[in-house]
Amino acid sequence: MTAELDDRAAPLAEKPSLRLRAREVIYRHTFLVRLTHWLNALAIFIMIGSGLNIFNAHPQLYWGLKGSELDHPFLAIRDMMVGGVERGITTIGSWSFDTTGVLGWSKVGGEWMGRAWPSWLTIPGNQDLADARHWHFLFAWVLSINALVYLVWSLGIRHVQRDLMPTVADLKSIPRSVLEHIQLKHPTGEEAKRYNVLQRLAYLSLIALVTGMILTGLTMSPGFNAVAPWLLDLLGGRQSARSLHFIFASLIVAFIVVHLVEVVLAGPINEVRSMITGRYAVPQEHDHK
Amino acid sequence: MTLFTRRRALIGSLAGAGVGLAGCDQIFQAGRLTESMSFQKVLAVAQTWTLHTQRLLLSGGQLAKEYQLADLSPRFKANGTLHPGGEEYAKQVAGSFADWRLLIDGLVRTPLSLSVAEIRRLPSRTQITRHDCVEGWSAIGQWTGAPLGMLLKAAAPVPTARYAVFHCADNLDGEPAKGGAQAPGQYYESVDLVDAYHPQSLIAYAMNGQPLDIPHGAPLRLRVERQLGYKQAKYIKRIQLVDSLHGLYGGKGGYWEDRGYEWYAGI
């Protein structure tokens, strides 16, 4: 990261009343990080939408080698008659929830329909397994190639090792960092020029989760099973792989929610600009008073 | 962000959630895009990459994983046609399929017509494999049958033969074909010769040690173990060797393929 002074801020700094606004702008994100970030965002967005459409074709999850309606799902999103009325019922283990309107039984263009995930969350919006698979597998290539380019390159230039791997001092600062995050306090000055420990762990988790998505996804492919049967054994069978695929995707959704909230809290314009142009205005102490 | 306040943050988050509520589909116009034939071609690119990558990785003719008797599904879900119906099939059922013939013809030097009893007398292979439906469920079953490659070799395909097309006795009607006129509802499937000659590709006549029952495809069905369930055609009457899939039914090489699903179902 190279520090430089923001030219536009310089003339303002000469006026005493505005001196506090003088700010340091650093080059935070390299071109490849920015490019792979947006491709990743696009691919993940489409893969979640199309993935939910695919899920709808068989809205049950199982553990183990095999599983169908004739076996025992640990999660099911169904529509069923409850007291003579159609309801959406989501079952996890032995707990059942009425999720009518969102899960199991929801409106599609004004008409109530039995579908696990609602139309507004799926790609395409209508229930179509064939098309959802086309979207999913096209963007699976985008996601995988993008992830590979990012990983090889950022390991090569030691971006992962330098900027993402937490140092011992970082690890010791976890409790303090957790507290600061709860208080919505954001680092300023020198501290804001590097990722804090929770950020580092979150980004490393995302790398692990995307890797997990790709591996569990491949393990659902009968062709790839013949290439790497050990993956089936490692993950505990095809239905376990399918369930893990769903669980990892849920964790990625959780990451995205936290990520977006943090972007908004940390200053959305500065954050989004830094991911487009690479330039990031370092927040100063007085900014947050 | 000097002017930045918590309240703004909240408004920002709500606006973000609003975009979410507008729907993934609307943002990408996915529905409209999907309808467009040129975008269908873009989407189909992935299928070609998947086929070529998997073919490269499977060039050693690797086998699908085989399981143990203890792994068998207690109840193996039957899907698609559960009974082909019709007078002709009913007669076959009444006669225990004694008159059922499997015809192997098309681009072959010696067309064959085999009875189920003749096929049962041929060398057989028994395998316990997992059946993965495109919908997402899996079931494990034990299959016994004559290796497809052996049957095809007996018919001696000519060098121009590229695909084996399986004509079935069931008619699924129902769903219209994608992007065109209603394709015939007759079930059919096809594989290329790479998969046809794979050692685990069988014309199966028994499941879990019993003759195939009607919901699972009696009297003869296909097993191509490195592909999804819809490739495992049931109630097979005829195997036709061809050089191209165009001109057969909807032209995409299978009942579900004519309705938008991938011809290569290894994924």
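Trainee: Is the crossing of H3(A) and H4(B) left-handed or right-handed?

Mentor: The crossing of H3(A) and H4(B) is left-handed. By that we mean the near helix is turned anticlockwise from the far one by less than a right angle; clockwise would be right-handed. Before going on, note that this is a predicted model, where local features need pLDDT of at least 70, side-chain atom pairs count only at pLDDT 80 or more, and totals for chains, interfaces and linings use all residues. Residues are numbered from 1 along each chain as its sequence is written, while chains are lettered from A and ligands numbered from 1 in the order in which they are written.

Trainee: How is the packing of H3(A) and H4(B) described?

Mentor: Two packed helices are described by the angle between their axes and the distance between the axes. Axes are lines fitted to C-alpha atoms, for helices over the stretch in contact, with angles from 0 to 180 degrees between N-to-C directions. Here, H3 (residues 129-156) of chain A meets H4 (residues 37-57) of chain B at an angle of about 65 degrees, their axes 8 Å apart. Helices (H or I, at least four residues) and strands (E, at least two) are DSSP runs, numbered from the N terminus.

Trainee: Which residues make the contact?

Mentor: Contact requires C-beta atoms, placed from the backbone, within 7 Å. H3(A) contributes His134(A), Trp135(A), Phe137(A), Leu138(A) and Trp141(A), and H4(B) brings Leu43(B), Ala44(B), Val45(B), Ala46(B), Trp49(B) and Thr50(B).

Trainee: Where does Tyr235(B) lie, and what is its phi?

Mentor: Tyr235(B) sits in the loop between S9 and strand S10 (236-242) of chain B. Its phi is positive, about 50 degrees, although Tyr235(B) is not a glycine.

Trainee: Why does Tyr235(B) count as buried?

Mentor: A residue is buried if 20 or more other C-beta atoms, placed from the backbone, lie within 10 Å of its own, exposed if 12 or fewer, and partly exposed in between. Tyr235(B) counts as buried because it has 24 C-beta neighbours inside 10 Å. Tyr249(B), in the segment after S10 of chain B, also has a positive phi of about 50 degrees and is buried, with 21 other C-beta atoms within 10 Å.

Trainee: Which peptide bonds are cis?

Mentor: One joins Ile123(A) and Pro124(A), with omega about -10 degrees; Pro124(A) is in the loop between S8 and H3 of chain A. Another runs from Ala218(B) to Pro219(B), with omega near 0 degrees.

Methods. Two residues are in contact if their C-beta atoms, placed from the backbone, lie within 7 Å.
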